[in-house]
Amino acid sequence: TAVLKQERKRHFMSVGTKLAVATVLVLAGLSFLLFKELTQRERKQLIGAKSIAGSMVTDLFAASCAAPLVFADNDAVTVELEKLHSNKSIVYAAVYSAKEERTVGESNPQKYPTYDFKRGKTQSQLIVRPDGIEILKDIRDTHNSVVGFAVLNFSLADENAAFKVSRRRMLWFAFFIAAGTAALLILLARKVIVKPLARVTEAARRLEKGDLHARAEVRSNDEVGNLATVFNSMGDAIVDREQKVVQAQKNVQDLFDNMLQAIFTVGPDGSINNEVSAIAKQIFGNVAIAGQSVTEFLRLESVAESEAVSRMKFWLIHIFGTDDLQWDLSEPERIRQLNYVRTNPDGSKDERALELDYAPIYKDGAIVKIMFLVKDVTEVHRLQAEIVRRDQQNKENLARIRQIASMEPDLFNT
């Protein structure tokens with residue numbers, strides 16, 4: 001039991017700590033999900049706005065290149081491409097002529113490879129990449145025929161920088177919201193749950209240490225309050241039961257003390273237990289009884305029959321754990337009478353004649369203790385000896401009277 005208590009104490013974690021850890025973990029998970037959702041929405045909004053603006057610019061650029069492509073005026077296409085230099089977000093642009101089946105102009109080809117228009121089989125599309133947006137638009141003449149294609153790459157550097165700032169701001173926002181909520185929930189849990197449970201725990205510790213009047217204060221009408229109420233009821237029941245047990249023990253002790261026998265019990269280790277009747281001190285004198293080896297205390301070695309002492313010791317070792325049948329069969333092994341030299345309060349010693357009787361104490365059908373009932377028969381033996389002596393004296397007196405009665409009467413004449 002002590003090892004289990006130490007093991008539990010070493011791995012103990014309070015309810016407050018568990019609630020705090022659980023609250024932090026739950027809020028951390030929710031904050032992460034919230035942060036992820038907000039950042040995804042923020043990036044979608046930035047990409048969406050950039051895509052709309054890029055599509056509008058691409059549409060205008062494609063429309064301005066329609067006439068030059070119809071008339072194969074590549075210089076005019078170059079002029080239109082140069083106009084795009086004013087827009088810093090456009091990092092690459094190219095124009096493909098379906099008539100000539102080649103790229104007739106491009107902007108900033110040094111940093112970006114020439115766009116592959118796949119021999120005019122390309123369709124209009126918008127592709128979003130981590131660092132930019134690529135928009136491909138078909139160029140049509142007045143008859144709505146495709147005369148070429150235009151591709152524009154828009155940089156997302158400004159949007160990514162703004163997103164980083166926004167994401168950092170949202171991260172701190174989520175952190176402070178989570179921390180504030182966690183602190184509020186932990187304080188609330190500490191006030192509503194942890195402190196009331198601590199009061200009940202403290203009352204339980206005091207009750208464990210023997211303070212039968214320890215009670216938990218009930219301050220709430222909830223499960224914790226019900227727990228405190230149940231604990232207080234349990235404390236009242238323990239006090240009532242303790243009083244009944246004490247009274248029962250007192251009644252048993254009074255019964256033992258008023259018997260003319262010294263009563264004590266012996267355990268499997270052969271030592272005398274603490275429960276000893278008051279008459280034992282009168283029989284054995286002012287000596288320590290509890291905790292002594294029963295064979296040494298009764299001084300069985302002083303018994304004249306050494307074989308009987310050996311059988312008695314063997315019986316005391318092997319009788320524990322057996323049943324009532326073994327108890328009955330072992331009747332001859334028990335010493336019934338012995339002489340005990342008692343030390344009186346004044347230091348003098350006298351020999352007492354003792355009679356021993358035994359009674360088994362069972363648990364689950366097996367003997368766990370032996371009750372010794374010792375009776376001082378010294379006075380009985382003295383009275384018996386006195387009766388024998390007086391009976392012998394009376395017999396001698398009667399013999400003398402008969403002898404006198406049988407004498408001749410003349411012997412009494414003077």
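**Loops, rings and overall shape**

Analyst: Start with Arg215, which lies in the loop between H4 and H5. Helices here are DSSP runs of H or I with at least four residues, strands are E runs of at least two, and both are numbered from the N terminus. This is a predicted model: local features need pLDDT of at least 70, side-chain atom pairs count only at pLDDT 80 or more, and totals for chains, interfaces and linings use all residues. Residues are numbered from 1 along each chain as its sequence is written, and side-chain values use heavy atoms, with hydrogens and water left out.

User: What is Arg215 in contact with, beyond its neighbours within four places in sequence?

Analyst: Ala203, Phe231, Asn232, Gly235, Asp236 and Val239. Contact means heavy atoms within 4.5 Å. Gly235 sits 20 residues from Arg215 along the chain, and their C-alpha atoms are separated by 7.1 Å.

User: How accessible is Arg215?

Analyst: Arg215 has a relative accessible area of 26%, so it is partly exposed. The cut-offs: buried is under 20% relative accessible area, exposed is over 50%, and partly exposed is in between, with a 1.4 Å probe and protein chains only.

User: Where does H4 kink?

Analyst: The kink is centred on Arg190 and is about 45°. The bend at a residue is the angle between axes fitted to the seven residues ending there and the seven starting there. After H4 comes Gly210, with a positive phi near 110°.

User: Which residues other than glycine have a positive phi?

Analyst: Ala72 is one of them, with phi near 55°. Asn144 is another, at about 65°. Most residues other than glycine have a negative phi.

User: Where are those two?

Analyst: Ala72 is in the loop between helix H2 (15-70) and H3. Its relative accessible area is 38%, so Ala72 is partly exposed. Asn144 is in the loop between strand E4 (132-140) and strand E5 (146-155).

User: Switching to rings. How many aromatic pairs?

Analyst: The count is 13 aromatic pairs. One is Trp172 with Phe175, edge-to-face, at 5.9 Å centre to centre and 90° between the planes. The rule: rings of Phe, Tyr and Trp (its six-membered ring) pair if their centres lie within 6.5 Å; planes under 30 degrees apart count as stacked, over 60 as edge-to-face and the rest as tilted.

User: Why are Trp172 and Phe175 about one helical turn apart?

Analyst: Because they are 3 residues apart in helix H4 (residues 157-208). An α-helix has 3.6 residues a turn, so residues three or four places apart point the same way. Trp172 is partly exposed at 48% relative accessibility. Phe175 is partly exposed too, at 46%.

User: And the Phe284 and Tyr340 pair, what geometry?

Analyst: Edge-to-face: the ring centres of Phe284 and Tyr340 are 5.1 Å apart and the planes are at 85°. Phe284 is in helix H6 (residues 279-284) and Tyr340 in strand E8 (residues 337-343), so the pair ties together parts that are 56 residues apart in sequence.

User: Buried or exposed, those two?

Analyst: Phe284 is buried, at 0% relative accessibility. Tyr340 is buried as well, at 1%.

User: Which Arg lies over the face of Trp327?

Analyst: Arg334, at 3.9 Å from the ring centre. Arg43 lies over the face of Phe163, at 5.5 Å. A charge sits over a ring if NZ of Lys or CZ of Arg is within 6 Å of the ring centre and within 35 degrees of the ring normal.

User: How many helices and strands? And what share of residues is buried?

Analyst: The chain has 10 helices and 10 strands. Buried residues make up 31% of the 414.
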